[in-house]
Amino acid sequence: MSEISFNELEKKVKKIKIEGFVIYKGNTRIFEYLKNKKVIKNPTKVYSITKSIVSILIGIMVDKGLIKNIHDPIYNFFPEILEFNDPMKEEITLFHLLTMTSGLQVGKFQSSKNWVKFILEQPVIHRPGSTFEYNSGNSHLLSAIIQKVSGGSTASFAEEFLFHPLGIKKYIWVKDPQGIHEGGFSISLNLEDMVKFGFLLLNEGQFKSNQVVSSNWIHEAKKTYKQFEAEEDRTFGNGYQLWTCEITNSNTKIEYYYANGLYGQYIFIVPKLNIMAVAKSYLQDDQSSAPKLFFEELLRSWMDE
């Protein structure tokens with residue numbers, strides 16, 4: 001992990017609208033770029049990293065026995081599904097929501113007056129479990145399930161069992177018209193709180209000797225359930241509201257997984273190297289993958305050492 005690699009990384013992140021980029025080996029911060037102190041203190045949207053946080057909250061519910069089996073059908077939580085008389089819709093489980101394989105058609109639920117109702121009304125266009133399709137509606141249903149099971153809001157459950165144990169105090173979380181915290185894209189966090197979430201993943205659900213979510217849940221969440229087409233020396237896939245990647249370099253393979261939000265928000269975890277990295281950015285769509293490309297260049301340089 002040479003100084004030359006880090007110098008090159010710093011030059012690259014300074015050229016574009018990356019606000020902060022930090023890398024840890026274990027508990028030691030081995031690289032830091034912070035454009036200013038605001039990125040440390042001020043919560044800003046992390047967009048779809050919200051999905052990964054919701055996935056961990058489902059894991060905590062499973063650990064506590066509040067959810068018995070993620071392979072149970074979601075009509076247990078939304079009995080109105082049975083009114084559609086659609087056998088395929090009745091097959092949808094929590095597992096399908098977690099892995100984005102519900103088969104529900106993607107719809108613009110944000111413009112509807114009742115988001116959950118709109119999402120559930122969408123036709124099933126793929127048999128549940130057969131096809132990955134990125135759909136924030138799946139994530140919002142998970143948040144609605146957390147609210148139904150806990151009897152309080154998703155944020156209240158998160159505060160007690162995730163945010164408080166991690167020391168996350170400053171956050172913003174937008175609600176839908178029915179008061180359900182949006183499950184797919186609307187949490188705001190600062191960079192240091194993203195780092196805390198990264199440590200939770202890196203340490204298999206543990207934070208400062210407190211087991212916040214079981215290591216078994218993290219193990220299951222970071223598995224690849226659907227693999228996408230290979231891209232040069234990389235293969236991508238998805239876990240429980242997380243992304244997975246395997247890089248092949250000569251005869252060496254390295255796996256990492258990550259949470260990702262619009263405009264270049266990333267939390268990277270490389271279990272084999274005990275590496276965790278966080279990027280917070282304001283990048284346009286054509287540059288939004290830059291932090292991932294920079295991080296992968298570092299990984300390749302370390303694989304060559």
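Visitor: Which residue stands opposite Lys 45 in S5?

Guide: Start with the general idea: strands (E, at least two residues) and helices (H or I, at least four) are DSSP runs, numbered from the N terminus. Two strands pair if DSSP finds at least two bridges between them. Here, Lys 45 stands opposite Ser 188 in S5. Strand S5 covers residues 187-189 and runs antiparallel to S3, with 3 bridges joining them.

Visitor: Before we go on, what kind of model is this?

Guide: This is a predicted model, where local features need pLDDT of at least 70, side-chain atom pairs count only at pLDDT 80 or more, and totals for chains, interfaces and linings use all residues. Residues are numbered from 1 along each chain as its sequence is written, and side-chain values use heavy atoms, leaving out hydrogens and water.

Visitor: In what order do the strands of the open sheet with S3 come?

Guide: The order is S3-S5-S4, 3 strands with antiparallel pairing. S3 and S4 (172-173) stand at the edges with a single partner strand each, so one side of each has no neighbour in the sheet.

Visitor: Where does Asn 42 sit?

Guide: Asn 42 lies in the loop between helix H2 (38-41) and strand S3 (44-47). For accessibility, buried means under 20% relative accessible area, exposed over 50%, and partly exposed in between (1.4 Å probe, protein chains only). Asn 42 has 36% relative accessibility, so it counts as partly exposed.

Visitor: What is Asn 42 in contact with, leaving aside neighbours within four places in sequence?

Guide: Contact means heavy atoms within 4.5 Å. By that test, Asn 42 touches Leu 189 and Asn 190. Also check C-alpha separations: Asn 42 and Lys 170 are 128 residues apart along the chain, yet their C-alpha atoms are separated by 8.1 Å.

Visitor: Now S1. Which strands does S1 pair with?

Guide: S1 (residues 18-25) runs antiparallel to S2 (residues 28-34), joined by 6 bridges. Opposite pairs include Ile 23 with Phe 31 and Val 22 with Glu 32. S1 also pairs with S13 (residues 275-281), antiparallel over 7 bridges. There, Ile 18 has Ser 281 as its bridge partner.

Visitor: How do side chains point along a strand?

Guide: In a regular strand they alternate between the two faces of the sheet. As for burial, 7 of the 8 residues of S1 are buried.

Visitor: How many residues lie between the strands in the hairpin of S1 and S2?

Guide: There are 2, and Gly 26 in this hairpin takes a positive phi near 65 degrees.

Visitor: How many helices and strands does the chain have?

Guide: The chain has 10 helices and 13 strands. Its radius of gyration is 19 Å, close to the 19 Å that the globule rule gives for 305 residues, so the chain is as compact as a globular protein of that length. The radius is taken over C-alpha atoms, and the rule is 2.2 Å times the number of residues to the power 0.38. Along its principal axes, the C-alpha trace spans about 60 × 40 × 35 Å.

Visitor: What share of the chain is buried?

Guide: Buried residues make up 52% of the 305. Among contacts between residues at least 6 apart in sequence, 62% join residues at least 24 apart.
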